[in-house]
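Hi,

Here is the model I said I'd pass on.

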Amino acid sequence: MTDGLGNAGDLLARLAANLASGGVEIVDLTHTLTPEFPVIVLPAEFGQCQPFRMEEVSRYDARGPGWYWNTITVSEHAGTHFDAPAHWISGRNLPNATVDALDPQTLVAPAVVLDFSAESAADEDFLLTRAHVEAWEAEHGAIPPRSWVLLRTDWSRHVGTPRYLNLREDGAHSPGPDADAVRFLVEERNILGFGTETVGTDAGQGGHLDPPYPAHFILHGAGRCGLQCLANLDRLPPRGALVFAAPLKIRHGSGSPLRGLALVPGGS
Ligand code: 23J
Ligand code: MN
């Protein structure tokens, strides 16, 4: 099989050799899943996300002398995780919209990284607009179709501090995209999905935008996916990373915790 880039078998052999030599490096996009890892807090009238739980079954003891294992209880939307289109009402009638039905082809895809960390440090409610995306493209080139668009805010550095959720009486304050930016990415750039370092693909105050939670509403209504609580986006190039983001195959699942990985050119 050829792919326009040469022989695909040879490509994989060269990839394996580059992984062994460090010519290609693997960046872990995943936070460690703990009971303390912050989960999204919705307005009090709604059902809430539960934190991760882990219960020991045995640890080389009377309950199992030669083995260690745990039982875990985990929300589909806790820790670094994947949002499938069926997560939102706008995607409820789409085909293959739950995690078990996603086309595996969508689980490995190129990524672009839009660095708006400075803007997010200056404004905790920073909203990414279409103009911001176009300015990024003027510098780095057009976003390729079927890409993940990852918004770097450096918010992952706040994990373990109150600043991560940044909750106040009026709700959470954290950066995210506005509706026009998401529409542009979906309709004019045909992206696979949108990923963030924060607990949601939407801004903390995204419930007050039009439509409410525009990233969720527009992405999932168009059959696109989300990634949240990503780590190490500061270690990715603006373009050229290849992301492996495969959710658990939960029957009819709306999302899933994830071990996200990115392949990047090494030696940087
Ligand atoms: C449910 C309701 C609102 C939001 C979310 C979940 C998430 O961010 C999520 O984890 O998908 S904003
Ligand atoms: Mn989610």
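A side-chain N or O atom of Gln-228 comes within 3.0 Å of an oxygen atom of ligand 1, a polar contact (a pair of N or O atoms within 3.5 Å). On its own, ligand 1 exposes 320 Å², and the protein buries 87% of that (Shrake-Rupley areas, 1.4 Å probe).

Before you go further: this is a predicted model, where local features need pLDDT of at least 70 and side-chain atom pairs pLDDT 80 or more, while totals for chains, interfaces and linings use all residues. Residues are numbered from 1 along each chain as written, chains are lettered from A and ligands numbered from 1 in written order, and side-chain values use heavy atoms, without hydrogens or water.

The shell around ligand 1 (residues with a heavy atom within 4 Å) includes Ile-40, Trp-88 and Tyr-213. By class, that shell has five nonpolar, six polar and one charged residues (Asp, Glu, Lys and Arg count as charged, Gly as polar).

Now the metal. The manganese ion (ligand 2) is coordinated by His-77 (ND1), His-81 (NE2), Asp-83 (OD) and Gln-228 (OE1), at 2.1 to 2.3 Å; donors are N, O and S atoms within 2.8 Å of the metal, or 3.2 Å for Na, K and Ca. Along the chain, these donors are spaced H-x3-H-x1-D-x144-Q.

Cheers

Terms used: Polar contact = N/O pair within 3.5 Å; in protein donor to acceptor, adjacent residues only side chain to side chain.
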